[in-house]
Amino acid sequence: MTQNTTSRSDTITSAMRVVLSNGLVALIQRNPSTPTVSVRGEVLTGAVHEAAELNGVAVFTGAALIRGTASRSFQQIVAETEERGCSVNAGGGLHSSGFGGKALAEDLPLVLEVLAEMLISPTFPEHEVEKLRGQFLLSLRESEQEPGTQASRAVRRLLYPPEHPYSRLSSGTPETVAAIARADLLAFHRSYAPQLTHIAIVGDVVPEAVVAELERRFGGWQAQQALPPLDLPPVVRPSTVLREDIAMPGKVQSDVIWAVPGLRRSDADYYAAMVGNMILGRIGMGGRLGENIREEQGLAYYAYSGVEADLGAGPWAAAAGVNPEHVEQAIAAILHEIERFCADGPTDEELADARAYLTGSLVLGLETNDGIAGTLLAIERFGLGLDYIARYPAIINGVSHADIVAAARTYLSVEGYVLAVAGPAGGTQ
Amino acid sequence: MGKTMSQENSVGEHRLANGLLVLTKEVHSAPVATCWIWYRVGSRNEPSGCTGISHWVEHMLFKGTPNMPRGSLDRTIARNGGTFNGFTWIDYTAYYETLPADRIELGLQIESDRMVNALFEDEEVDSERTVIIAELEGYANYPETWVDEAVKATAFTAHPYHHPVIGYKHDLQAMGRAQLYDYYQTFYMPNNAVLVLVGDFETDAMLMQAERYFAPLPVGPPLPRVHAEEPEPQGERRVTIRRHGANEFLQIGYLVPDCKHADFAALAVLDAALSGARSLTFMGGGAQTNRSARLYKALVETELAGSAYSSYMPTRDPFLFELGATVLESRATAEVEAALLREIERVQQDGIGDDELAKVQKQLRAQVAYGGESVTNQAMQLGMWEVLDSYRRVDTLTAELAAVSADDVRRVAQQYLTERRRVVGHFIPEGA
């Protein structure tokens, strides 16, 4: 066994954090154990900043960055990078627009050069935008036919008021994406700014040389407009059961989603909710939900819960895929486990296991360059500090039974919640 | 126990007296280790009427032993900060635990225990039956599943690659505990398994532990062999699936040689020229390299298709070299099919360029390097290649591909990607 068998926190604490003169934050870690490098970055502008009628514009803009820049066409970008076994990519999301690349370490300068062009001087060529739109529409139509998409869309619509960006899926709909104009992409891109950008670079690199390269490629980038505020409307917790059943011909299985409004990553009870959710619907084969619905009753191949705590309060949801005949039984099982969890909280053994898993598995997430870069990026987004991994075990071990019960009772409910069921017609009522 | 040298970055090969092959590789870049066990059993071993039995047995190995009752396996791994999974494929079944390196013994304990002690309790068999049917029904929500099953069923008339790994619903409803347990006792034997350990450990100490857990397991009787061989196809076959769906798409498969065949490398280079050199495992994590390749240029750039792919994977028996594309709304499927076939004809006539050969080499070198970042991925490659042929292929593959010439690529395209070896699957959405 080598040195850092406990937490490998030095992988994060020893990373270099540099703020360029234009406000761009770079996080760089040298990992000489493989000849590769991973770049992962994000600009904190996303679907939360788009108007309802332009739903999908953030995702569309992100994906269009690679479609042409002031100095390279899309075809040149993919030819030059793929020829060397590198890849570059970008894509929009809910709160941020992500970008990144992988390369052998010798090719990092090319990746940074291309990514800088994509972020700073994309040209959104008309024809490329139309090609991309065709691909988006094709995959949107496909996902509209998936019960999981329909159930997720319904849950968001039921949980959030229409003026809240969380009431929609970031991907947009076939209708909104068909109507987005090239000018809308250009306008959305003006919200990209270096002050909103974080970039993590991990691999067999010399950090000082990477900083010089970043200065050279990104240093001249300036914001084009005032930075977009994040101003999310208030959410009213449901006081009763809001249910939507969606009949989908030709389907065999139903997707069931139960949800309540959750919390923000920065909320004080975040860790209690996260550890609680681990026990309710994640650890092992899907926590208590998996144990009940899959292991004991054999109703589903998947059953789990997730808490989407981001810069805003996303849904805290439980989901299962079941035969239409078993929909009500699965819903009853979800409600039973939630009620029981709110009443009694976790057992001592469950809490000990969850703490051990969360702290023990840290090293697994810090094995690859991608894993390290992703961790650095999350730390920066939520302002956790580079000592976060070192502090993490104490944070997790400090979450008590009482904290978890309090968080569960604050958010989870078997009286006020939303429920969406999408699947074959006839079996869902 | 015969033992070869062991040092960083080289694979140690050790054979226990009961026939279990143990492969070890020290990797000290992170304090992580992974334990994999591979069995030479998959859906190719299944007789008609028992389809899906390999996968069902895999599920039952998570349902408890006398030493580790149901539910304690996943809890024990979680408590130790680990992750785990199992999967079944046409040629093999594999299980792994990836753990902080100082906990890796737990993987040996679990895998040696469930190789012989899985309970297969009646009520757990019945409960898992409906879980697997739910898994099957989840897949059946996707039109791609129906087309893929139809293409394989059409392409394989004599060989068990005919049926899906998940099995047919009727077989899943009909099978019982006795068949499952018998299958388990037949194939889950040290002499039919490969243990792969990769990570931050000392090889000698690791081997002593492997010996302690696995050496006491008894040798099984000789294993039944699969004799079926797919006869030479005599003409193109077509299958059309009409169901609810969004877009028309095509899936075309050609019967091609297995991974031991001398033409494997040339076919792999052809696949990479068509849609980029990919990571050699199905865990992903590599670089996207398809957008400068032939199919993307000919089908996606020209706005015939929303996506296009080729695929060729190492298998034990001859399997399929596949092509596919999703048709854009404004285009006709016939145009898209013609464009896919035209790309094959181009290679058959002109071969591929030296620049493409060079690109494939570089892409492959990079993909191997990306895959090497994770011990889990490294162990997966070693195990997969060992059950298919030899773990040494992981190291020789780069040289095998480098030795392929543009002429070789043209020749294999001419020899195997022919009309008579082809099955064309077509999906038409209805009622939309």
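1. The area buried between domain 1 of chain B and domain 2 of chain B is about 3,400 Å², and carbon and sulfur atoms give 72% of that area. Buried area here is the accessible area (1.4 Å probe) that two parts lose on being put together, summed over both. In chain B, domain 1 covers residues 2-214 and domain 2 covers residues 237-429; such bounds come from an automatic or database domain assignment. The C-alpha centres of these two domains of chain B lie 27 Å apart.

2. The model is predicted: local features need pLDDT of at least 70 and side-chain atom pairs count only at pLDDT 80 or more, whereas totals for chains, interfaces and linings use all residues. Side-chain values use heavy atoms, with hydrogens and water left out, residues are numbered from 1 along each chain as its sequence is written, and chains are lettered from A and ligands numbered from 1 in the order in which they are written.

3. Between the two domains of chain B, 38 residues of domain 1 are in contact with 35 residues of domain 2, where contact means heavy atoms within 4.5 Å. The count of salt bridges between these domains of chain B is 4. A salt bridge is a side-chain nitrogen of Lys or Arg within 4 Å of a carboxyl oxygen of Asp or Glu. Arg40(B) and Glu386(B) form a salt bridge, with their closest N and O atoms 3.6 Å apart.

4. Chain A is assigned domain 1 (10-218) and domain 2 (241-423). The C-alpha centres of the two are separated by 27 Å. In chain A, 42 residues of domain 1 are in contact with 39 residues of domain 2. These domains of chain A bury about 3,400 Å² between them, with 68% of it on carbon and sulfur atoms. The salt bridges between domain 1 and domain 2 of chain A number 5; Glu244(A) forms a salt bridge with Arg157(A), and their closest N and O atoms are 2.6 Å apart.

5. How much area do chain B and chain A bury between them? The value is about 5,900 Å², with 53% of it on carbon and sulfur atoms. Asn141(B), Arg291(B) and Glu373(B) supply 12% of the area that chain B buries against chain A, more than any other three residues. Across this interface of chain B and chain A there are 11 salt bridges. Arg70(B) and Glu291(A) meet through their side chains in a salt bridge (2.8 Å, N to O).

6. Aromatic rings form a further topic. Rings of Phe, Tyr and Trp (its six-membered ring) pair if their centres lie within 6.5 Å; planes under 30 degrees apart count as stacked, over 60 as edge-to-face and the rest as tilted. Over all chains, the count is 32 aromatic pairs. Phe188(A) and Tyr192(A) are an edge-to-face pair because their ring centres are 6.4 Å apart and their planes stand at 85°. The rings of Tyr183(B) and Phe187(B) have centres 4.8 Å apart and planes at 50°, so this pair is tilted. Ring pairs also link a cluster in chain B that includes Tyr39(B), Phe62(B) and Phe84(B).

7. Two arginines of chain B deserve a note. The charged end of Arg114(B) sits over the ring of Phe62(B), 4.6 Å from its centre; the rule asks for NZ of Lys or CZ of Arg within 6 Å of the ring centre and within 35 degrees of the ring normal. Arg243(B) lies over the face of Trp146(B), 3.9 Å from the ring centre.
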